[in-house]
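Hi there,

Here is the structure I promised to pass on. Have a look, and then read on for what turned up in it.

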Amino acid sequence: MKTNHKKSNQKLQTSAAVLMNAIILFSASEKISAQNHAGIIGIDHVGINVPDLNTAMPFFSDVLGFTPVTQLGPIPLDKAWKELNNINPETGAVTIKMINAGTGASIEVFQYADNQGSKTNPKSDDLGATHIAFYVSDIHASVKFLKSKGVKIIGEPFLTPSGDTAGETWVYFETPWGAKMELVSYPNGKGYQKANPKTVLWSPKDSAKPKTFANDYDSKKNTALIESHLKIWNEKDAAKRNVLLNQFYVSDIEMVDRHFIAIGNDEISKFIVDLHTKNPEFTFTAKSVETNHNVVRLYWQFGSKAKPAVVSGMDLFVIENSKIQKLYVFVDEKK
């Protein structure tokens, strides 16, 4: 009987151990799930190498409309770091710029001085070959613009007719240093979304909606912002005007006129220069300013000191994070 008790106790101990291990494993699994595995929230940036920052930066800023924000270096790299990161021992210092690429991940751009690595871009089927895809609202307009800047478009925009990505139009293009990048657009969504899946792919299309902040509803601050807007339009010095543009307009501001749409500070600045060239003695003055949350209405006039109201009109502004996001222009018809 004692032997049976021992066996019984051993079975109980074994069962208890199994149960305890199961509880521990379940708890660990639950903890991992709660932490989303590695705890990753999303993509912060994508890193790429370029042969020359003096070529890459104008392309990113002037052609693609991105804004370089931070810079590190040149940073000398010691032998241990090169060995650890598989860098050629004869390669020199690295300079790194981080670029704001609109809504989504930033782009980290590396330039190595005296680069002793491969100078050839990987082929599309090479191990490690990558590309960055940028979402656009009108892919044909974007392609036309890139072509006007001398950018090589690889093929023509292709509309996917069926499958999970049905409704997506895409096309590749080439950077001045030969890297391949992509434009994509799916204004009505992709085919797989019709099945109402539990998980939907992230898209800048869905995240590009303006975000308002508490300050955006401050009528006094918004009135002062419109006064700064008038300073921009009356400033004839290009350098001073660019400082004001970057201070009070978002980088991708849209100015919507009855006859055209200008996007970005460069296009608006060119329009202002043209106005001053044709009307060197004219200035803008405010007749009245009205605020409604983050929307402001400005009644204005444009003319000389002798005739201050040669042209008049009304502008509507959308404020986002204390900057002007959109500008709708209404010019009064001449009677």
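A definition to begin with: on a 1 Å grid over the protein atoms alone, a pocket is an open set of points where a 1.4 Å probe fits, with protein on both sides within 12 Å along at least five of seven lines, and its lining residues have an atom within 4 Å of a point. The second largest pocket here has 31 lining residues, and N49, S118, T120, N121 and P122 are the ones nearest its centre.

Please bear in mind that this is a predicted model, in which local features need pLDDT of at least 70 and side-chain atom pairs count only at pLDDT 80 or more, while totals for chains, interfaces and linings use all residues. Residues are numbered from 1 along each chain as its sequence is written, and side-chain values use heavy atoms, with hydrogens and water left out.

Back to the pocket. Its lining divides into 12 nonpolar residues (Ala, Val, Leu, Ile, Met, Phe, Trp, Tyr, Cys and Pro), 3 charged ones (Asp, Glu, Lys and Arg) and 16 polar ones (the others, Gly among them). β1 (45–49), β4 and β8 each supply at least two residues of the lining, and β1 gives the most, with 3 residues.

Those strands (DSSP E runs of at least two residues) and the helices (H or I runs of at least four) are numbered from the N terminus. The chain has 9 helices and 14 strands. Of its 335 residues, 32% count as buried, meaning under 20% relative accessible area with a 1.4 Å probe, protein chains only.

Now the interior. A nonpolar core is a set of buried Ala, Val, Leu, Ile, Met, Phe, Trp, Tyr and Cys residues joined through side-chain atoms within 4.5 Å. The largest one has 28 residues, and F60, I107 and F173 have the most contacts inside it. Two or more residues come from each of α3 (53–63), β4 (106–112), α5 (139–148), β7 and β8 (180–185), with α3 giving the most, 6 residues. Apart from this core lies another, of 27 residues, including I253, W300, I324 and V329.

Beyond its neighbours within four places in sequence, E168 is in contact (heavy atoms within 4.5 Å) with F158, L159, T160, V184, S185, Y186 and K190.

Best wishes

Note on methods:
Buried means under 20% relative accessible area, exposed over 50%, partly exposed in between (1.4 Å probe, protein chains only).
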